[in-house]
Amino acid sequence: MTTVEIEEVDPVTNMSGKISCRDRQIRTLVSLIGKREQVAPPALFIYGHTGTGKSLVINSLVQTLELPHVTVNCVECYNQRFMYEKILNKLQGLRSYMADPDSYLKCDNMNDFIRMFRQVCEDQGLNKQTVYIVLDKAECLRDKEVNILPTFLRLQELTHQNVCVILMTEIVWEKFRTGTGYCEPYIVNFPDYTKDEVLTILTEDRPDGSEADFYSMYLNLLLSVFHMVCRDLREIRYLAGLNYEKYCQPIRTGEAEASDTRKLWKNIEPHLKKALQTVYLREVSSSQWEKAQQETEVGQMPSLQGLSSRNHVELPYYSKYLLIAAYLASYNPAKTDRRFFARNSGKVDKRAKFIKKHERTSNHMLGPKQFPIDRLMAIFFSIVEGKVSPTANIFVQISSLVSLNMLGQVAGDDQIDTPKYKCLVSLEFIKSVSRTVGFDVLRYLYDFV
Amino acid sequence: MKQKQGKSRTSTVVEATTSSLDRTCDLLRLRVSQLSSSPQIHGYDQERRKLLDLIRRTGTTGESNSALLIGPRGCGKSMLIENVVEELMTNQEIKDNLLQVRLNGLLQTDDKIALKEITRQLQLENTVGTKVFGSFAENLQFLLDALKSGSHSSKPILFVLDEFDLFAHHKNQTLLYNLFDVAQSAQAPVCVIGLTCRLDVVELLEKRVKSRFSHRQIHLFNNITLGDYTNLFITYLSLPDDFTDRKFVKAWNQHIQELASDQTIQGVLRRQFEFNKDVRTLQQLLMYPVCCVSDTHPFLVPADFVDGMKMQSTDTKSAMLHGVSILELCLIIAMKHLTEIYDGEPFNFEMVYSEYRKFAQRRSSMQVYEKAVVLKAFEHLIALELVKTIDGAGSRVQKEYRLLSLLVHPSQILDALQKYPNCPTEVKQWAQSSVI
């Protein structure tokens, strides 16, 4: 009895020492898995947010207990064949196809898979033990052939083999059910980490040479900025590693003591707020951010121009006007065209203003409307300076705007005679475009008059 | 109280019986898994007799039959047919005579695969080992010839088609047509039994296939009462008499009887029964307690069942809502208000953002986050499938203007807010009242 305990219990307690804050889940899973020869539940469905330790717990569980297992990421297997072959070949211990092409098993349908699975299990002497098939990102199984998910859920019955399928995902089980129903898996939830747990976990991986109290103080400050927005452990860990240098800077230069929390907070707070708008959104890459930390002021240098601030695109003259015309056609109601663009109506009459006031939502909230090409051309000719003839070049420019994804062609019944379009650029972008041609676009927009 | 009793018994009895405890674990785990058939059949006497008679007639007199077993999931269709076949196989004459072919709609996804599987299972002469040769047409021709050349004297075949409704989706229903055609005409004696959970399965069949089917349907409906359910609970957990350690078996079965009369257990059972009374959910309920049995915890206690029930019956969406950040929660509340105000009309990100900004600026002391940060939170919600885009991914609009609908019920939001750790009060109040 004692030997059994040494074998079975010790690795697990050892594991929960390594993985903090997941004791309950580990205990539940260990009891569900049971001993090697015992029959495990046919299917386990494990769900929880990203970064709640699902893969970590399962992987270290099967590794510490040395259970026969296959881990498959469903994103990789865009074809059912890859999935079957991966499971079978991993199970028979084949490292790669190149190493031994002769014994590589080929399988392209579920029927063969079941047969070969039994064969492989017999060959490897896994008949008695539970074989674990871990399917990560299981939500992708829904988009594959309809028979895959139900078959995996009743794999135990179909193979008459002691097998347990573990599905891991962040989507809830209700969204997996389709058709006439499945064998329900056993559902295990991995709850999110509380704030204290996040602190405990992050304090564990502090950089060498820093004190735990000092580092957890820093984490507290970090969480006070980021915890409202982001609960993802990986993201917070990444940000914590990135900004720690800056936090320690006043101590190194001798401006503050390690105990002088207020001063350190004053120093780091604007910095963290800046990080929320830049690094968190991946506007600025982490190497750029680290470089910027060497200097004093963040966000001031030309090197820290974010990705989205670079929305300046060089376009030909007529393309600019075409784009502006498309924007106006998308965001103005068609009935106001006469008012804006007809030659002799400079004034807005009072009735129109009254109507506008009572409209519920602006067009900039509802998004772009579609318009026929005739309307686009009419607006284009009315706003462009000088006389332009409708040559082939103009129409080619329209279609090249479509391929640049600035206009979107709307599917309609008549694609050649009167195609319809939508304008897909933002107000900021069209403002900067119209500034370059000296056109005041706001004067012509219904929402801003 | 009960737990105490269990513990005290532990010290006296179990010391010597660790091996029987292990064997008990093995047995119980096997029972709740998919590998074993149920320890007893409840009800279905008439249906069982009908099915037994049908297959026996094929086995002995060479009569061709077809029937459909229809019933909801987990009502015991496969169990019943296993049981019937098992009983028939005790008869030596039938055992020597009857060939079996098992097909499953999930595995044999088209007729070609199904045909190969039939040839393989019948071990016909164009097979070597488990390989089958020939094209689809050759296989079909060969199989039909083999069946046609047979007469009353040739060996009868029992076809069991699990997930029968999936076979009806095959092209032209060739397999079903041929199987029913053989059953209809005087060729080799076959018995085709289809298992399905669709009540309208006959409507799926083509006219020519339908006319060849005998229209013999056996409906299996779960008509067990709460008393039966409790008995089933006892049967599933009790040990058989031929278990080695008699003393242990007696103590264990006694303990199970006590458990079944326990007030808490009865409450749990009733709740489960009112949700769903099929046997599979009972197995699911028993799974956690059975897995908990170990050396340090040798007897089942009511608390295990309560824990197991709690794990299975938590509202999953509320559990997921518990883990989103406060900003995401604010967005969900804004969406809830939008859905309520506009009466279920879809919304887009711009509307949600303006709703959120109205709240954050006027009503709360919270920081107002800029649009890009809010958009990131919003996309996380879409990734969690708490919000769904209603036009397909193919439609090309900027992501701010894509139309969406909320997939969380307002009551789930309020429920999650109750349990949310450190939720700001103003957010809670905002969730209650939509007026800003």
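Two strands count as paired if DSSP finds at least two bridges between them. The legends below refer to a predicted model.

**Figure 1. Three strands of chain A form an open antiparallel sheet.** The strand order is β6-β8-β7 (chain A). At the edges lie β6 (371-372) and β7 (407-410) of chain A, each of which pairs on one side only. Strand β8 (residues 420-423) of chain A runs antiparallel to β7(A), and four bridges join the two. Within this sheet, Val410(A) is positioned opposite Lys420(A) of β8(A). Helix α18 (residues 392-403) of chain A lies across β7 and β8 of chain A, and its direction makes an angle of about 100 degrees with β7(A).

**Figure 2. Five strands of chain B form an open sheet with parallel pairing.** Read across the sheet, the order is β2-β5-β6-β1-β7 (chain B). The edge positions are taken by β2 (99-104) and β7 (217-219) of chain B, each pairing on one side only. On average, neighbouring strands of this sheet are turned by 15 degrees against each other, direction ignored. Strand β1 (residues 65-70) and strand β6 (residues 190-196) of chain B pair in the parallel sense, over six bridges. Ser66(B) is found opposite Val192(B) in β6(B).

**Figure 3. Helices α4 and α6 of chain B lie across strands of chain B.** Helix α6 (residues 111-122) of chain B lies across β2 and β5 of chain B, running at about 150 degrees to β2(B).

**Figure 4. Helices α18 and α19 of chain B cross at roughly 110 degrees.** The axes of α18 (residues 326-341) and α19 (residues 349-362) of chain B come within 9 Å. Because angles of 65 to 115 degrees count as roughly perpendicular, α18(B) is roughly perpendicular to α19(B). From α18(B), the contact involves Leu327(B), Cys330(B), Leu331(B), Ala334(B), Met335(B), His337(B), Leu338(B) and Ile341(B). These meet Met351(B), Val352(B), Glu355(B), Tyr356(B) and Phe359(B) in α19(B). By class, the contact of α18(B) with α19(B) comprises eleven nonpolar residues, one polar and one charged.

**Figure 5. Chain B and chain A bury about 6,200 Å² between them.** Carbon and sulfur atoms account for 54% of this buried area. Chain B contributes 64 residues to the contact, and chain A contributes 77 residues. Four salt bridges are found across the interface of chain B and chain A. A salt bridge links Asp22(B) to Lys35(A), with the closest N and O atoms 3.1 Å apart.

Terms used. Residues numbered from 1 in each chain as written. Chains lettered and ligands numbered in written order. Predicted model: local features only at pLDDT ≥ 70, side-chain atom pairs only at ≥ 80, totals over all residues. Heavy atoms only, no water. Axes fitted to C-alpha atoms, helices over the stretch in contact; angles between N-to-C directions. Parallel < 35°, antiparallel > 145°, perpendicular 65-115°, else oblique. Contact = heavy atoms within 4.5 Å. Nonpolar A, V, L, I, M, F, W, Y, C, P; charged D, E, K, R; others polar. Buried area = accessible area lost by both parts, 1.4 Å probe. Salt bridge = Lys/Arg side-chain N within 4 Å of Asp/Glu carboxyl O.
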